[in-house]
Amino acid sequence: MSRERDVDSLEVRRASRTVGLQLTIASGALVVAAIGVAFFFVLDQLQPSELQEAPRPGEHKIYIDTVDAMLAFVIVGVLAVIVAGVLSVIVTRRAVRPLGEALRRQRDFVADASHELRTPLAVLDARLQVLQRGLPPGDPSTATVAELRDDTRTLIDVVNDLLLAADPERERAAATEGPVPFSAPVRRAVESLQVLAQEAGVEVRLVERDDVASDVPATTLQRCATALLDNAVAHSPSGGVVTATIRRDGRAASLTVADQGPGIQGIDPARIFDRFARAEPAAAGRSRSGFGIGLALVREVAVRHGGEVSVASTGPTGTALELRLPAR
C-alpha cells in the first residue's frame, strides 16, 4: 500500500473512531435513561403492604429484592452499552469506507493528472528558452517571451504544488521548512492577473499593511491569491478597482481581496465556496466565466492548513473575501 493510501486509511479510521465514540455515548445515554426509568417504575410498583397480603386462590406473587433488581439492571445496562458501542463502530467503519475510497481516488486523479502535465510544460519551457536565446538584441518581442517563460514556470510550480497536495506527508514536510512571507506570492499573483484585468478594464492594487508569514508553501499561497483575484476581476465592472490587502489580525495572517462590483447575487453568500457554485456575472458581455471551483480550492487549502476563508462583506458597493491562515 502506498504512503498516500496509508495516510488516507488513517484519516478514515480516525474519523470512524470519532463517529463511533459519539454514537456509543449517545446510545449509552439512551440505554441508561431507559433502564433508569424502568427501574424506578418497578420500585414504584413495589408496595410494602402487599407483602403482608395472602395470595388469592389461583394467584401467584413474585417478590423482588431491591438490591438484586438494581444489580440486574446495572448488568443489563453495561452489556447493552458495550453491544451498542461495538455495533456503532462496525456500522460507522462500513459507512465511512466508501468515503475513504473516494478520497483515495481523488488523490490518485490529482497526482496522475498533475504528473502528465509536467512533461508538456517542461517541453514548452525548453522551447521558449530556445526562442528567447535566439532573439536578436533589441527585438520587441523579447519582453513578451520572457513573460511567457515566467508564466510557464508558474504553471510548473502549480503542477508541483498539486502533486504536493496529493501527498499529505510531503506537504507537511514542506510546511515545516520555515515561514513563507505573504508579500512575494501575492505580488506574483497580482502581476499575473494584470493582463486579464486590463482586458476587463479593471485595476488591481496591492496594499501591504504588515509583514506577515505562514507555513503554507509559496506556490499554494499564489494559487489562493490568484483564485481570489480572478474571482474579483470577473465580478468587477469596467473601471472598477480590485484591492488585495495583506495584514496581521491577531495570530492570523490575513489576505483580503475586495472588488467594487454589485455584490453577491443569485446565490447565498455562504455557498460561494461550494464546488460548482456560481454567482450572477457583474458585467454584461463578459465572455469569460468560471466553473465555481477556484474558491472551493481556496477553502480546501485554508482548512487543510488550519485557516479559513469567508465573505468579509458584500453589498451594492462591492464584495470582500478574506483568507486567514495561522501566522508565523
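What percentage of the 328 residues of the chain count as buried? Please then examine the largest nonpolar core: which residues have the most contacts inside it?

Analyst: This is a predicted model, in which local features need pLDDT of at least 70 and side-chain atom pairs count only at pLDDT 80 or more, while totals for chains, interfaces and linings use all residues. Residues are numbered from 1 along each chain as its sequence is written, and side-chain values use heavy atoms, without hydrogens and water.

Of the 328 residues, 33% count as buried (under 20% relative accessible area; exposed is over 50%, partly exposed in between; 1.4 Å probe, protein chains only). The chain comprises eight helices and seven strands (DSSP runs of H or I with at least four residues, and of E with at least two, numbered from the N terminus).

The largest nonpolar core holds 39 residues (buried Ala, Val, Leu, Ile, Met, Phe, Trp, Tyr and Cys joined through side-chain atoms within 4.5 Å). Phe182, Leu228, Leu229, Val242, Leu255, Val257 and Leu323 have the most contacts inside this core. Two or more residues each come from α5 (183-192), α6 (194-200), α7 (218-234), β4 (241-249), β5 (252-258), α8 (294-304) and β7 (318-326). Helix α7 gives the most, with eight residues. In soluble globular proteins, nonpolar side chains tend to be buried together.

Valine 257 shows how these parts meet. Beyond its neighbours within four places in sequence, Val257 touches Leu228, Leu229 and Ala232, then Val242, Thr243 and Ala244, and finally Thr319, Ala320 and Leu321.

Elsewhere, threonine 152 sits in helix α3 (residues 142-165) and counts as buried because its relative accessibility is 4%. Leaving aside neighbours within four places, its contacts are Leu121, Leu124, Asp125 and Leu128. Isoleucine 82, in helix α2 (residues 66-134), counts as partly exposed because its relative accessibility is 49%.

Confidence must also be considered. The mean pLDDT (the predictor's confidence in each residue, from 0 to 100) is 78, and 75% of residues reach 70 or more. Over residues 1-5 pLDDT stays under 50, although the model has ten contacts beyond four places in sequence for them. Where pLDDT is low, the predicted coordinates should not be read in detail.

Conventions. Contact means heavy atoms within 4.5 Å.
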